[in-house]
Amino acid sequence: MDVTFALLNVATLPWWGSMLLFPRTPATVRLVTSPWPFVALAGVYAVLLLAALAGGDAPASLEASALARAAASPAGFLTLWTHVVALDLFAGTWIFRDARYYGRLPRVELLLTWFAGPVGLGLYLWRRRAWRGPGGARVVN
């Protein structure tokens, strides 16, 4: 379990590192426009979800207590963590790509999204309200 957890975290480092440290390079643009990290994370998620279901770790219902018990198992936790890693990376790449359109570099928002997902996304969307696009049009939220 610890090895899988570590691999999940390390696997996304090239994307986060590129967006934060080398935002203007062609290699970063290629990374953030590639579907492959999400395809790979979807595959890992599917395998972990099937393992959790096969191991009897599936929740008996959609009640909070049943979901908490399922997430408390090793397979359930790794499945949940893969979900979090994939969605945080998706939000981060969306922020990066959207900010490039407006000529912005949202490093703080990307860091927050990496470590606290919804906080970074919320901050980005809040700050984005005041921006103007390349043609001078305001962002409409």
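The model is predicted, so local features require pLDDT of at least 70 and side-chain atom pairs count only at pLDDT 80 or more, while totals for chains, interfaces and linings use all residues. Residues are numbered from 1 along each chain as its sequence is written, and side-chain values use heavy atoms, with hydrogens and water left out.

The secondary structure consists of seven helices and zero strands, where helices (H or I, at least four residues) and strands (E, at least two) are DSSP runs numbered from the N terminus. Along the sequence the pattern is α-α-α-α-α-α-α. Taken along the principal axes, the C-alpha atoms fill a box of roughly 55 × 30 × 20 Å. The accessible surface comes to about 8,400 Å², and 70% of that area belongs to carbon and sulfur atoms; accessible areas come from the Shrake-Rupley method with a 1.4 Å probe, and for residues only the protein chains shown count as cover. Of the 141 residues, 33% are buried (buried means under 20% relative accessible area, exposed over 50%, and partly exposed in between, with a 1.4 Å probe and protein chains only). Among contacts (heavy atoms within 4.5 Å) between residues at least 6 apart in sequence, 62% join residues at least 24 apart.

Helix α6 has 28 residues, which at 1.5 Å a residue should span 40 Å; the end C-alpha atoms of α6 are 41 Å apart, in agreement with this value. The expected span of a helix is defined as 1.5 Å times one less than its number of residues. Just after α6, G103 takes a positive phi of about 70 degrees.

A nonpolar core is a set of buried Ala, Val, Leu, Ile, Met, Phe, Trp, Tyr and Cys residues joined through side-chain atoms within 4.5 Å. The largest such core has 19 residues, and M19, L41, L89 and L110 have the most contacts inside it. Two or more residues of this core are given by each of α2 (13–21), α4, α6 (74–101) and α7 (107–128). The largest share, seven residues, comes from α6. In soluble globular proteins, nonpolar side chains tend to be buried together. Apart from neighbours within four places in sequence, L110 is in contact with W16, M19, L20, G92, I95 and F96.

T82 is found in helix α6 and counts as buried, because its relative accessibility is 0%. Not counting residues up to four places away in sequence, T82 touches L8, L41, V44, Y45 and L48.

The structure holds two salt bridges, a salt bridge being a side-chain nitrogen of Lys or Arg within 4 Å of a carboxyl oxygen of Asp or Glu. One of them joins the side chains of R128 and D98 at 2.5 Å, N to O. R128 lies in helix α7 and D98 in helix α6, so this pair ties together parts that are 30 residues apart in sequence. Both R128 and D98 are buried, and the relative accessible area of R128 is 12%. R128 and A27 are 101 residues apart in sequence, and their C-alpha atoms are 25 Å apart in space. The salt bridge between E109 and R127 has its closest N and O atoms 2.4 Å apart. E109 is buried, with a relative accessible area of 1%, whereas R127 counts as partly exposed at 38% relative accessibility.

On the surface, L49, L50 and L53 form a nonpolar patch with about 270 Å² of accessible area together. Patches are made of residues with over 30% relative accessible area and no salt bridge; like charges are joined within 9 Å, and nonpolar side chains (Val, Leu, Ile, Met, Phe, Trp, Tyr) within 5 Å. L49 is found in helix α4 (residues 36–54) and is partly exposed, with a relative accessibility of 33%. G55 is placed in the loop between α4 and α5 (64–72) and is exposed, with a relative accessible area of 54%. G55 and R129 are 74 residues apart in sequence and 46 Å apart in space, C-alpha to C-alpha.

A6 is found in helix α1 (residues 2–11) and is partly exposed, at a relative accessible area of 36%. A6 and T93 are separated by 87 residues in sequence and by 21 Å in space, C-alpha to C-alpha.
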